[in-house]
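This report goes through a protein structure step by step, from the whole chain down to single side chains. Please keep the sequence and the 3D view open while reading.

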Amino acid sequence: MRISITRALSILQRCARDCPQQQHSSPSVGNSTLSGAVRLLSSQALATSKEPEAGNVPKKSLNLFSAINQALHIALETDPRSYIFGEDVNFGGVFRCTTNLADTFGKHRVFNTPLCEQGIVGFAIGLAAMDNRAIAEIQFADYIYPAFDQIVNEAAKFRYRSGNQFNCGGLTIRAPYGAVGHGGHYHSQSPESFFCHVPGIKVVIPRSPAQAKGLLLSSIRDPNPVVFFEPKWLYRQSVEDVPEGDYMLPLSKAEVMREGTDITLVGWGAQLSVMEQACIDASKEGISCELIDLRTLIPWDRETVEASVNKTGRLLVSHEAPVTGGFGAEISASIVERCFLRLEAPVARVCGYDTPFPLVFEPFYMPTKNKILDAIKTSVSY
Amino acid sequence: MATRGLRVLAKSSTPLLRRTLSNSISETRPCARILDAECSGAAALPARGSCGVPARSYGSATNRTADTELSKNWSKTPPAARRLSGEPEKAFSDDEDHEILDYPGAKTNFTHEMTFIPETAAEPVPCFRLLNDFGQPLPWAKLPQMDAELATKIYRNMVNLQTMDAIFYEAQRQGRFSFYLTTHGEEAINIASAAALSPQDVVFTQYREPGILMWRGFTMQDFADQCFGNAADLGKGRQMPVHYGSRELNCPTLSSPIATQLPQAVGAAYGLKMSRKDACSVAYFGDGASSEGDFHAALNFAAILETPTIFICRNNGWAISTPTNDQFRSDGIVVKGRGYGIRSIRVDGMDTLALYCAVKEARKIAIEESRPVLIEALSYRVGHHSTSDDSSKYRKKAEIEHWKLVRDPVNRFKKWIEAQGWWDAKSEKAIRSEARSSVIAAMNKAGQKQKPELSNLFTDVYDSLPSNLREQELQLRDVIAKYPRGYPTDVPL
C-alpha cells in the first residue's frame with residue numbers, strides 16, 4: 001500500500017514538474033486533463049490508505065496556516081486562471097494564510113475586496129462561471145451569513161438550473177471555523193450543518209496540515225463549488241510533516257484514523273484531536289475505539305462509516321456545533337437506517353449545546369474529552 | 001414660456017415628493033431622448049421607421065424653471081389631452097427638452113444631450129471644521145454655544161476614554177482578559193457626538209464607540225466588569241470584551257458582525273417616530289461597514305420610511321488592513337447619502353466643536369423633519385484594529401506617529417479650552433492622575449469578582465428554558481460531577 005502511495009505521489013509530482021505547459025493550457029474547470037489525472041491517481045492510491053505521507057516524498061514540518069498557504073501557492077502556480085480574494089487578503093490575511101501570495105502572483109490575482117461577504121461570494125460565482133478558479137476567503141465562518149443567499153440560491157443551483165449549461169465549479173469558499181478559546185459568539189461558530197442541507201455544494205473540513213493541503217487542492221480543482229472550513233484553533237497549534245509537492249486527497253472519502261472493535265467514533269476538523277484523546281483514555285480502560293475522520297461532510301462517505309458500525313455495533317458522533325440539527329443528526333439517522341439490526345446501543349451524540357457560543361462558559365459548552373469518554377462508556381455498557 | 005423644471009414639480013406635487021426633491025439633488029437629472037415618443041409610439045426606436053423624428057437641439061434645459069400656473073397645469077395634463085384642448089403642439093418647440101417625463105421611476109425632463117453623470121463631482125465634498133489643528137477657531141467660524149461646564153465635561157470624558165483605552169490595552173497584553181480594541185484618534189467622535197445627543201436617543205454602536213456609554217454614565221467599573229466577563233457584567237460573561245450595552249442608557253448591546261446595527265437603527269427610529277417620542281436613533285459604523293449590504297439597505301429604508309435616524313460614519317482610513325482605496329472609489333461616504341435621498345455632511349472627526357455642532361443640527365433635522373441624516377466624520381485609526389492585529393505589517397509607523405502626536409483630537413480640544421481660560425496644567429495633571437487611578441481601581445476590582453454562575457450558559461437563549469436546554473444543563477452538571485478536574489473552577493456551579 002505504501003508503495004502505491006509513493007508511486008502515486010511521485011508521478012503526481014513529476015507531472016507537476018514536467019508538464020507546466022500542459023497545466024497552463026488546460027484552464028477549463030473540472031475538465032482540466034492534468035488535474036483530473038492527478039486526482040484520479042491520488043484517489044486510487046489514497047482511497048485505501050490512512051496517511052498521505054509516504055517513504056520518499058520530500059516533506060517539511062508545517063503548521064496548518066502554512067500548509068494552506070502552500071496549497072494556495074500551488075493552486076495559483078498550476079493554474080493561471082485561479083484567483084484568491086477576500087477581506088485583508090492582500091497583506092496575508094488575518095490568519096496569515098495568504099502571506100506573500102500577492103507579492104508572488106501580483107495584485108490582479110490575489111487581492112483585497114471591500115468588506116462585503118455577499119459581494120465576495122457573488123463575485124466569485126461569476127468569476128468561476130467564466131471557467132476560472134475563484135478561491136474566496138470569508139474572514140470568519142461566523143460572518144458567512146450575508147453570503148448565504150449567494151451560496152444557497154446561486155452557487156448550489158448554478159449547474160442544475162441551467163440544465164448543466166453553466167456551472168460555477170471553480171468556486172471554493174474558505175472560512176476559518178470553530179472554537180478558539182476566546183472567540184465568544186462571533187469568532188467561534190461551526191456553521192457546517194447549514195451548508196450540509198444544500199444539495200449542489202460540497203462541504204470539506206480538514207483536521208491537520210497535511211490533510212488541509214491535499215483536501216484544499218482537491219476542493220479548488222473539484223468541478224463543484226466547495227465550502228472549505230478551516231479549524232482556526234489549529235492554524236498555529238497543529239504541526240506535522242507535509243509533503244512538499246502538489247498532491248490531492250480524495251473528496252467524499254472518509255479516513256479511518258484509528259482502528260478498533262468496540263465502538264465507532266465519527267468527527268471532523270479540530271474535534272478529532274479531542275476524540276483521539278478520548279480513544280486513548282478509553283483504551284486504558286480496555287475499550288477499543290475506531291475513529292473516523294469524515295473529511296467531506298456532503299456528499300459524505302456513508303459506506304466507510306456503515307462498514308465500521310457493522311464491525312463495532314456502536315456509533316458516537318461529535319461536533320462543536322449545537323446538537324440539534326447538527327450534521328451528527330444526519331449521520332445518526334442514516335446509520336440507524338442502514339445498521340438498525342447491528343446496533344447494540346443508541347447512537348450517541350456529544351456536541352455543543354443548543355445555545356449561542358459563549359465566552360466565559362466555553363470550556364463547559366465544548367464537547368470535551370471527558371464528555372466523549374463518558375458517552376463511550378455508556379454506549380459500551382448499554 | 002412653459003418650462004417645466006423642478007420648481008414646477010416641487011410646487012405642484014405632494015409634500016412627500018417635495019421633500020424627496022429638496023432632499024436630493026438641487027435639480028433632477030434630465031433624461032436623454034433622441035426620438036419623440038409621441039410621434040413614434042412608446043418604443044421610438046430609429047429602426048422602426050420614418051416617424052421617429054429626432055428631437056431638436058436647444059441646449060441644456062436643466063436650469064431653466066418657471067412657476068406660472070400655466071406651466072403647473074401643463075405638467076399635470078397628459079399630452080393627448082393637451083392636443084385635444086387646442087393647446088399648440090409642442091413637439092418642435094424650444095421647450096421640448098423641458099417636457100416633464102412621467103415614467104414612474106423618475107420625475108425629470110428630457111434632454112437631447114447624452115451626458116453620463118461623472119463618477120465623482122468636480123470637487124470633493126468639503127469637510128466642516130471649526131478648530132484648526134492647533135485648536136484655534138477658523139476665521140469666520142461660528143462657534144457653538146458651549147459653556148465651561150459642558151466643554152470641560154467633554155474634555156474629561158475624552159481623557160477618561162483615552163486613559164481607559166491605554167490601560168485596558170496593556171492589561172489585555174498582559175493576559176488579564178482576552179481581547180481589546182481602542183478608540184485612539186476617535187475620542188472626539190465618541191464624546192462630542194454623545195454630548196450633542198439626548199439620553200433618550202437610542203444609540204446602536206459598532207465596537208469603537210464606548211464613549212457614548214461613558215458619556216451617558218456607564219462607569220469605569222461597568223467597562224471593566226464587561227471586559228473581565230465577571231458576574232457583574234451586564235452581558236453575563238457571554239460575549240467578548242468591548243461588547244457593551246445598557247438598556248438603562250438606551251444602547252442596545254453590540255455584536256461583532258459589521259453593519260448589522262444599521263437597518264436595526266432604522267427600525268428603532270420608526271418605532272420612536274410612531275410612538276411620538278422626542279428622540280431619534282443613532283447608528284455608528286466605520287468606513288468598511290459602508291461596503292456591506294446592510295449599510296445600503298439601512299440608508300434606503302431610512303429615506304423611504306422617513307425615520308429620524310442619524311448615521312455616523314467614522315471614516316478612519318482602515319478596515320483592519322484594508323485601506324479606503326480598496327473599500328470604495330467614491331468621494332468617501334458622504335456622497336452615498338445623496339444616492340439614497342439623504343441629507344449628508346462631512347465633518348472633521350478630530351474637531352470636537354465641529355462634531356458637536358453637526359450632530360446637534362442633525363438631531364434637530366432628524367426629529368423636527370422626521371428624516372435621516374448621514375454624517376461622515378473623517379478621522380484616523382491610531383491604534384491597531386484590535387489586540388489581534390499588528391498594523392505595522394501594512395502601514396508605516398511614521399504615519400501612525402504623525403496622527404498620534406500632531407493630530408490628536410484630545411489635545412486639539414484641550415488647546416481650545418485652555419485658550420478660553422477653562423483649563424490649565426494643574427487641572428490637566430489632576431484629571432490625568434484621577435483617570436488613571438479610577439481605571440486601575442476598576443480593573444483590579446473587576447479581576448477579583450466571581451465569574452457568572454454556570455446556569456447563565458443556558459438562560460436567555462429564550463425567555464424561559466425549553467426542555468432540551470433543561471436536559472442539557474442536567475447532563476453537563478452530571479459530567480462535571482464525574483470529572484470535576486476537567487472544568488474551570490472560577491465559574492460557580
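A residue is called buried when its relative accessible area is under 20%, exposed when it is over 50%, and partly exposed in between. By that rule B:Arg346, with a relative accessible area of 7%, is buried. The model discussed here is a predicted one.

**Chain B as a whole**

Chain B has 493 residues, and 52% of them count as buried. Its secondary structure consists of 17 helices and 10 strands. Taking the contacts in chain B between residues at least 6 apart in sequence, 72% join residues at least 24 apart.

How high is the mean pLDDT of chain B? The mean is 86, and 81% of the residues of chain B reach 70 or more. Over residues 1-25 of chain B, however, the pLDDT is below 50, and this stretch has 56 contacts in the model beyond near neighbours in sequence. Residues 37-93 of chain B also have a pLDDT below 50, with 84 contacts beyond near neighbours in sequence. Where pLDDT is low, predicted coordinates should not be read in detail.

Helix H7 (residues 187-196) of chain B is mostly covered, since 10 of its 10 residues are buried. Among them are B:Glu187, B:Asn190 and B:Ser193, along with B:Ile189 and B:Ile191.

**Where chain B meets chain A**

The size of an interface is often given as the accessible area lost when the parts come together. Between chain B and chain A this buried area is about 3,400 Å², and carbon and sulfur atoms give 64% of it. On the chain B side 47 residues take part, in contact with 40 residues of chain A. Across the interface there are 13 residue pairs in polar contact, with both residues at pLDDT 80 or more. Strand S8 (322-323) and helix H17 (467-482) of chain B each supply at least two residues of the side that touches chain A. H17(B) gives the most to that side, with 7 residues.

How many salt bridges are counted between chain B and chain A? The count is 1. In this salt bridge the side chains of A:Asp374 and B:Lys482 meet at 3.0 Å, N to O. A:Asp374 lies in helix H16 (residues 369-380) of chain A and B:Lys482 in helix H17 of chain B, so the pair joins two chains. A:Asp374 is buried, with a relative accessible area of 12%, whereas B:Lys482 counts as partly exposed at 45% relative accessibility.

**Salt bridges within the chains**

Side chains of opposite charge can pair when their charged atoms come close. Over all chains, the whole structure holds 38 salt bridges.

| Salt bridge | Closest N to O distance |
|---|---|
| A:Lys202 and A:Asp222 | 3.1 Å |
| B:Glu376 and B:Arg346 | 2.6 Å |

A:Lys202 is in strand S6 (residues 202-204) of chain A, and A:Asp222 is in the loop between helix H10 (209-221) and strand S7 (226-231), 20 residues apart. Both of these residues are buried.

The pair in chain B links two strands. B:Glu376 lies in strand S10 (residues 373-378) and B:Arg346 in strand S9 (residues 343-348), so the pair ties together parts that are 30 residues apart in sequence. B:Glu376 is buried, with a relative accessible area of 0%. B:Arg346 is buried too, at 7%.

**A network around B:Arg129**

Some salt bridges of chain B are joined to one another: B:Arg129, B:Asp133, B:Asp348, B:Arg407 and B:Arg412 are linked in a network. Where is B:Arg129 placed in chain B? B:Arg129 is in the loop between strand S3 (108-111) and helix H6 (148-173). At 24% relative accessibility, B:Arg129 counts as partly exposed. Leaving out residues up to four places away in sequence, B:Arg129 touches B:Leu138, B:Asp348, B:Asp351, B:Ala354, B:Arg407 and B:Arg412. The side chains of B:Arg129 and B:Asp348 are joined by a polar contact of 2.8 Å. B:Arg129 and B:Leu353 are 224 residues apart in sequence, yet 7.8 Å apart in space, C-alpha to C-alpha.

Terms used. Residues numbered from 1 in each chain as written. Chains lettered and ligands numbered in written order. Heavy atoms only, no water. Helix = DSSP H or I, 4+ residues; strand = E, 2+ residues; numbered from the N terminus. Buried < 20%, exposed > 50% of the residue type's maximum accessible area, 1.4 Å probe, protein only. Contact = heavy atoms within 4.5 Å. pLDDT = per-residue confidence, 0-100. Buried area = accessible area lost by both parts, 1.4 Å probe. Salt bridge = Lys/Arg side-chain N within 4 Å of Asp/Glu carboxyl O. Polar contact = N/O pair within 3.5 Å; in protein donor to acceptor, adjacent residues only side chain to side chain.
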